[in-house]
Amino acid sequence: MLGAESIKIAVVGSLNMDYSVMLGKRPDIGETVLANDVLITPGGKGANQAYSAGRTGGSVQMIGRVGDDVNAKIIKDTLEDQGISTEGIITDKEKTTGIAIISLDCQAQNSIIVCPGANQNVKENEILEALGKLVNLKIIMVQLEIPIECVITAINYAKKHNIMTFLDPAPVPPEGLPESTYEMLDYISPNAIEAEMLSGIKVTDEESARKAAGCFLDKGVNNVIIKLGGQGVYATDGTQEIMIPAIEISVVDTTAAGDTFAGAFCTRIEKGDDFFTAVRYANYASGLSVTRKGAQKSMPSAEEIEKFIQIKGKG
């Protein structure tokens with residue numbers, strides 16, 4: 001396992017076990033349908049992003065909570081097999097490991113129900129203790145599947161210690177994000193729905209993505225990435241912008257495509273890539289992931305991504 005001094009990326013977030021159910025169609029209210037298959041794999045936005053960062057060559061530690069159960073062991077073993085440090089994961093004696101129930105329809109689109117479990121018990125002091133041991137951190141990644149005060153604590157720590165911050169704002173809280181949080185973010189990466197919920201602008205295409213991104217820039221975010229699904233990815237640093245078309249590929253499962261993007265992006269930023277180069281790389285990583293079933297199981301390695309780029313061309 002990685003030593004504390006070698007870790008450059010810390011992921012503060014959720015750890016779940018995913019139960020992905022393959023359906024011909026989603027049931028209507030009161031309707032019972034038979035599933036075609038079920039896939040049980042480790043997940044959670046935090047663990048997924050840590051796994052993706054590790055797969056693409058990042059030096060990563062995961063920080064969060066699991067229950068004292070079999071699912072916890074599977075999740076930790078899976079991360080450790082990828083070379084990711086699990087020293088920051090606390091075992092909760094009261095709540096079980098979180099689970100997510102994912103329905104995947106015949107169009108390869110998903111909907112997700114999360115039962116947070118131990119993720120609800122993540123504490124601010126344990127985040128600070130774990131981060132304090134990582135003396136060479138370059139970037140802290142956060143999402144919104146743990147208590148919001150814990151997310152803000154991690155972001156504040158990063159700001160205080162001149163560490164880059166990356167926020168994947170999912171799921172968006174009903175009250176949104178505190179206004180003071182935006183100005184502490186180096187990178188924010190919502191999908192179209194999340195961008196609309198946070199900005200108030202309906203995001204459907206490049207032009208509306210540009211307007212929503214402008215809202216985030218006005219609030220103080222340094223760089224904005226908006227994922228538009230089948231239309232591609234819009235990104236801006238406030239001075240320049242790019243719109244990358246979606247890669248033409250046969251889609252099997254979109255689960256964790258955004259998490260794959262996040263992990264690959266942050267690895268490339270940590271390795272020294274400029275913003276737009278890292279976005280392009282992450283777009284390829286995400287595109288390759290949707291050709292496979294599952295969350296972490298779908299995430300490509302750095303070698304696989306490089307081969308994919310050679311095949312599809314460096315767009």
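This is a predicted model: local features need pLDDT of at least 70, side-chain atom pairs count only at pLDDT 80 or more; totals for chains, interfaces and linings use all residues.

A: Residues are numbered from 1 along each chain as its sequence is written, and side-chain values use heavy atoms, leaving out hydrogens and water.

Q: At what angle do the axes of H9 and H10 cross?

A: At roughly 100°, and they come within 9 Å. H9 covers residues 275–289 and H10 residues 302–312. Axes are lines fitted to C-alpha atoms over the stretch in contact, with angles from 0 to 180 degrees between N-to-C directions. Helices are DSSP runs of H or I with at least four residues, strands are E runs of at least two, and both are numbered from the N terminus.

Q: Which residues of H9 and H10 meet?

A: From H9, Tyr281, Tyr284, Ala285, Gly287 and Leu288; from H10, Ala302, Glu304, Ile305, Glu306, Phe308, Ile309 and Lys312. Contact means heavy atoms within 4.5 Å. By class, that is 8 nonpolar, 1 polar and 3 charged residues. Nonpolar covers Ala, Val, Leu, Ile, Met, Phe, Trp, Tyr, Cys and Pro; charged is Asp, Glu, Lys and Arg; the others, Gly among them, are polar.

Q: Changing topic, where is the cis peptide bond?

A: From Ala170 to Pro171, with omega near -10°. Pro171 lies in the loop between strand S9 (164–167) and helix H5 (179–182).

Q: And what is phi of Asn162?

A: Near 55°, a positive value in a residue other than glycine. Asn162 sits in the loop between helix H4 (148–160) and S9.

Q: Is Asn162 buried or exposed?

A: Asn162 counts as exposed, at 73% relative accessibility. The cut-offs are under 20% relative accessible area for buried and over 50% for exposed, with partly exposed in between (1.4 Å probe, protein chains only).

Q: What about Ile7, buried or exposed?

A: Ile7 is buried, with a relative accessible area of 0%. Ile7 lies in the segment before strand S1 (9–12).

Q: Which residues is Ile7 in contact with, leaving aside neighbours within four places in sequence?

A: Leu2, Ser59, Val60, Gln61, Ser85, Leu134, Asn136 and Leu137.

Q: How far apart are Ile7 and Ala209?

A: They are 202 residues apart in sequence and 34 Å apart in space, C-alpha to C-alpha.
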